[in-house]
Amino acid sequence: MLQAIAPSGKTALDSGAMIVTETAYSLDPSALLDSLNGTENLLIIQDLDGVCMDLVRDPLTRTLDPAYLQAARDLDGHFQVLTNGEHIGSRGVNHLVEQALGSTQRCREQGLYLPGLAAGGVQLQDRHGRIAHPGVSADELAFLAAAPAWLSQSLKTLLQQAPYHLADGDIERLLASSVLDNPVSPTLNLNAFHHHWQGQPDLYARLQTDGAALLQQLLDKAAAQGLAQSFFVHYAPNLGRGAGGRERLRPAQGAAAGTTDLQLMLRGAVKEAGVLVILNRYYGQRTGIYPLGDEFNVRQAPTSLQGLLQLAVERFEPQHMPRLVGVGDTLTSTAVTADDGSIQWLRGGSDRGFLTLVQQLGEAFGQNNRVLYIDSSRGEVQRPGVDADSLRAHPNEPWPALAGITDAEDPLRLNALFAGGPRQYVEFFCALASARQPG
């Protein structure tokens with residue numbers, strides 16, 4: 001039986017009609033499974049790390065369940081990934097797919113790669129592993145290709161000096177799992193350092209600040225090469241955006257790691273813009289008409305949620321709009337005290353924007369869209385988690401059980417909580433794919 005926590009509510013459509021939209025926090029996805037199985041025009045948009053595989057300190061140790069990959073293939077036409085990671089490269093997800101299934105040729109021929117957008121939306125892949133980077137220039141690709149080596153050398157020099165004074169052997173080991181040579185989103189991943197300095201949190205906090213400064217230097221180098229408008233730095237997790245639209249770094253506090261991933265991203269490469277690219281391609285494949293043009297990419301998309309929503313309302317025919325399911329694991333909500341003593345909420349997380357747009361599109365188009373939250377706190381990376389026992393014991397006061405993730409005033413409502421983490425979600429995903437098979 002579906003366990004619902006907190007009351008349901010209503011949402012008004014632009015047309016003046018009303019649909020009932022559940023705002024209950026569900027810990028049992030059985031009713032959701034039945035509902036999605038009965039939805040023909042369905043599109044699942046799903047993050048990867050922390051959703052279908054555990055979060056780990058070293059991305060090279062990630063694994064994918066072969067059953068999950070087969071389920072994704074079975075959901076062909078109704079499933080797309082949307083990730084800040086990448087499909088290709090030494091740390092790309094395609095390598096994990098090939099490891100899980102044992103044959104690159106089989107993956108290509110049978111279409112077993114994960115289709116959708118990576119690197120925040122600038123890396124497009126079909127299920128046969130064909131890759132494109134729409135809207136990205138040769139100069140931008142060249143700068144990104146050189147960034148990992150610069151980051152590695154700069155960080156090595158930093159770690160040899162005060163206050164770190166790390167031994168060369170430790171430096172090489174830590175750099176191997178921390179400087180990620182992603183082709184279009186080079187990343188400084190601080191998880192290994194957080195683990196290394198478990199007893200010295202001040203050193204980790206200092207490195208977090210120094211790492212952010214290195215990424216800023218990369219932006220300065222890009223500007224000097226005429227690429228001032230090409231890149232931005234994505235922090236994961238973060239505290240939302242501040243003045244000028246820049247993301248706020250989540251500082252380390254005591255044993256809490258705060259921001260662990262600092263990514264050099266192409267401007268426009270934000271997941272919420274990727275939702276429109278995915279929808280545009282979905283319409284094109286089903287109707288033969290691309291409402292935003294067959295070359296539309298995230299770098300051409302509006303930069304605000306409101307702008308993205310407005311474009312969708314203006315250009316997408318309602319009768320073809322699918323029921324969307326957004327799936328993610330990276331959300332943050334942090335209370336801060338303002339100068340006047342009032343409490344304000346800083347809300348962020350790399351999945352917040354695209355999940356919010358999925359919710360808003362449901363309201364605008366009269367679709368019962370669903371937002372699924374996967375608790376990734378059981379992996380090797382420190383994240384706030386869902387206190388399922390507290391949620392069951394206090395159904396009318398769910399917020400303490402979701403501390404650090406969401407809050408009572410959060411406009412984003414999570415329809416289903418997978419407190420069992422990626423394993424529970426993969427079981428659900430496989431069951432859905434099996435239920436939707438003909439016969």
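**Figure 1. The largest pocket lies between domain 1 (29-131 + 271-436) and domain 2 (138-229 + 231-266), because both give residues to its lining.** The model shown here and in the other views is predicted. The volume of the largest pocket is about 1,200 Å³. Its lining comprises 49 residues, of which F232, R241, G245, E247 and V270 are the closest to the centre.

**Figure 2. Secondary structure elements and residue classes in the lining of the largest pocket.** At least two lining residues come from each of the helices α8 (201-224), α9 (271-287), α10 (305-315) and α11 (352-365). The strands β12 (231-236), β13 (238-241), β14 (247-249) and β18 (343-348) likewise supply at least two residues each. Helix α8 gives the largest share of this lining, 6 residues. By class, the lining of the largest pocket holds 22 nonpolar, 15 polar and 12 charged residues.

**Figure 3. The second largest pocket, with a volume of about 300 Å³.** Among the 16 residues that line the second largest pocket, C52, M53, D54, P422 and R423 are the closest to its centre. The lining of this pocket divides into 6 nonpolar, 4 polar and 6 charged residues.

**Figure 4. The largest cavity, with a volume of about 460 Å³.** The 28 residues that line the largest cavity include D49, L55, G85, N189 and D261, which are the closest to its centre. Searching the whole structure gives 3 cavities of 30 Å³ or more. Strands β11 (187-189), β12 and β15 (261-266) each contribute at least two residues to the lining of the largest cavity. This lining consists of 6 nonpolar, 12 polar and 10 charged residues. Domain 1 (29-131 + 271-436) and domain 2 (138-229 + 231-266) both supply lining residues, and the largest cavity therefore lies between them.

**Figure 5. Buried residues of helix α1 (residues 30-37).** The buried residues of this helix are L32, L33 and L36. They lie on the same side of α1, because the arc they cover around the axis is only 105°. The buried residues of α1 pack against the strands β5 (42-46), β16 (323-328), β19 (370-374) and β20 (416-418). They also pack against helix α13 (421-435).

Terms used
Residues are numbered from 1 along each chain as its sequence is written. This is a predicted model: local features need pLDDT of at least 70, side-chain atom pairs count only at pLDDT 80 or more; totals for chains, interfaces and linings use all residues. Side-chain values use heavy atoms; hydrogens and water are left out. On a 1 Å grid over the protein atoms alone, a cavity is a set of points where a 1.4 Å probe fits but cannot get out, and a pocket is an open set with protein on both sides within 12 Å along at least five of seven lines; lining residues have an atom within 4 Å of a point. Grid points are joined across faces, edges and corners, and a volume is the space filled by probe spheres set on the points. Helices (H or I, at least four residues) and strands (E, at least two) are DSSP runs, numbered from the N terminus. Ala, Val, Leu, Ile, Met, Phe, Trp, Tyr, Cys and Pro count as nonpolar, Asp, Glu, Lys and Arg as charged, and the others, Gly among them, as polar. Domain bounds come from an automatic or database domain assignment. Buried means under 20% relative accessible area, exposed over 50%, partly exposed in between (1.4 Å probe, protein chains only). The arc is that of the directions from the helix axis to the C-beta atoms. Contact means heavy atoms within 4.5 Å.
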